[in-house]
Amino acid sequence: MTIVFWLAATAVALTYAGYPLLMALRARLAPRPPVPAPATPTIDIVLVVHDAADLLEAKLRNLLALDYPRARIRINVACDGCSDGTEAVARALAGPRLRVFAFRVRRGKSACIAELLPHLDAELVLFTDVRQRVDPAAARVLAAVLSDRSVGAASGELVLEADTGYGRGIDAYWRFEKWLRRVESATGSIVGVTGALYAARRSLLTAPPPGIILDDMWIPLSIAAGGHRVVFVPGALAFDRSAQDSAAEEARKRRTLAGNFQLLHRWPRLALPWGHPLALRLWGHKWLRLAAPWCLLALFASTLWLARGGGVVYPAALLLQTTAYLLAFAARAWPRLAAFPPARLCAAFLSLNLSAALGLVDYLRNPRAHLWRTTRLEESRQ
């Protein structure tokens with residue numbers, strides 16, 4: 001049990017502290033920032049939607065208002081088996097700067113991207129989702145970074161706007177995640193981009209396989225496999241509202257984490273240290289997090305056993321873990337308690353690890369998880 005305790009504790013510490021600190025140290029000692037330069041290459045924007053008639057017009061007007069030369073940017077809307085008037089909303093705004101592709105049978109985002117790629121001839125392709133608002137300067141900022149020929153893909157920054165205690169806890173975790181992406185980018189490449197806003201060179205894009213949940217990992221990892229960098233660009237902003245309660249956030253996380261298991265299943269070489277240029281970063285940033293729930297379970301069970309022997313270390317470890325879990329469960333049961341920072345951070349940590357454990361179950365049970373359901377703010381408040 002002593003061995004189990006220290007192995008589990010080491011794995012958890014490496015996941016949430018060791019790897020981030022290693023990346024931060026490397027960023028300080030051997031930085032490799034991209035070298036942006038003003039540029040306005042042609043851009044094809046890709047927006048895949050399913051039954052989002054109430055969101056689409058605002059999104060398209062947001063994209064049409066981007067601060068970028070009008071003649072050098074074009075929007076491509078893919079309606080994925082829409083049945084609620086989404087296609088009509090898109091066609092009402094169609095013109096030289098906006099094309100509509102309607103697919104009658106719903107197949108998921110990755111299949112639509114694969115269908116659109118042969119129709120795209122711009123130098124850059126910018127991917128975005130329907131719900132988030134994009135900052136007017138975002139296209140220029142991404143294009144400037146992609147003028148560095150070593151960069152193949154560039155991720156924007158998703159800004160979460162929180163107005164509840166639980167939402168602020170999620171936002172705190174997301175700030176940590178963005179900090180980690182920032183130091184990873186400063187030392188070479190990140191391992192995934194935000195689907196809300198990222199851009200890539202058209203010449204480096206290959207069609208993602210149909211059914212892939214995380215196209216925003218498959219695409220950049222495919223680009224990185226060819227030797228190009230994938231970087232994080234804090235100045236290219238997209239705005240969204242954070243989840244208002246644990247159920248809404250965990251539904252989103254479980255789908256994302258199920259996508260990580262699918263990625264390992266569909267591209268198993270990603271788990272091998274020599275299987276991909278970013279394999280070690282994938283272990284530090286992604287795969288260890290998939291194992292973390294089971295490490296936490298082993299840590300708690302071994303602590304319970306060892307604390308019976310007295311001493312200081314194991315009873316103190318048991319007290320610390322028990323307090324953290326009680327705070328987390330209390331914050332979930334009484335949302336007002338989430339206004340207390342330690343409680344909301346414990347709740348966010350518990351939510352993340354519960355989602356990682358259940359994400360595996362979800363992937364095994366639901367092979368059609370790539371057929372996403374549009375999430376609206378009203379739904380997340382229910």
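Predicted model: local features only at pLDDT ≥ 70, side-chain atom pairs only at ≥ 80, totals over all residues.
Local features required pLDDT of at least 70 and side-chain atom pairs counted only at pLDDT 80 or more, while totals for chains, interfaces and linings use all residues. Residues are numbered from 1 along each chain as its sequence is written, and side-chain values use heavy atoms, with hydrogens and water left out.

Helix 1 spans residues 2-29 and contains a kink of about 55° centred on L14 (helices are DSSP runs of H or I, at least four residues, numbered from the N terminus; the bend is the angle between axes fitted to the seven residues ending at a residue and the seven starting there). Among the buried residues of helix 1 are F5, V12, Y16, P20 and M23 (buried, under 20% relative accessible area; exposed, over 50%; partly exposed, in between; 1.4 Å probe, protein chains only).

W305 belongs to helix 9, residues 279-307. Because its relative accessibility is 48%, W305 is classed as partly exposed.

A search of the whole structure identified one cavity of 30 Å³ or more (a cavity is a set of points, on a 1 Å grid over the protein atoms alone, where a 1.4 Å probe fits but cannot get out; lining residues have an atom within 4 Å of a point; points are joined across faces, edges and corners, and the volume is the space filled by probe spheres set on them). The largest cavity holds about 30 Å³, and its lining includes E177, R181, E184, H285 and K286. Helix 6 (165-186) and helix 9 each contribute at least two lining residues, with helix 6 giving the most, three.

Terms used:
1 Å grid on protein atoms, 1.4 Å probe; cavity = no way out; pocket = protein on both sides within 12 Å on 5 of 7 lines; lining within 4 Å.
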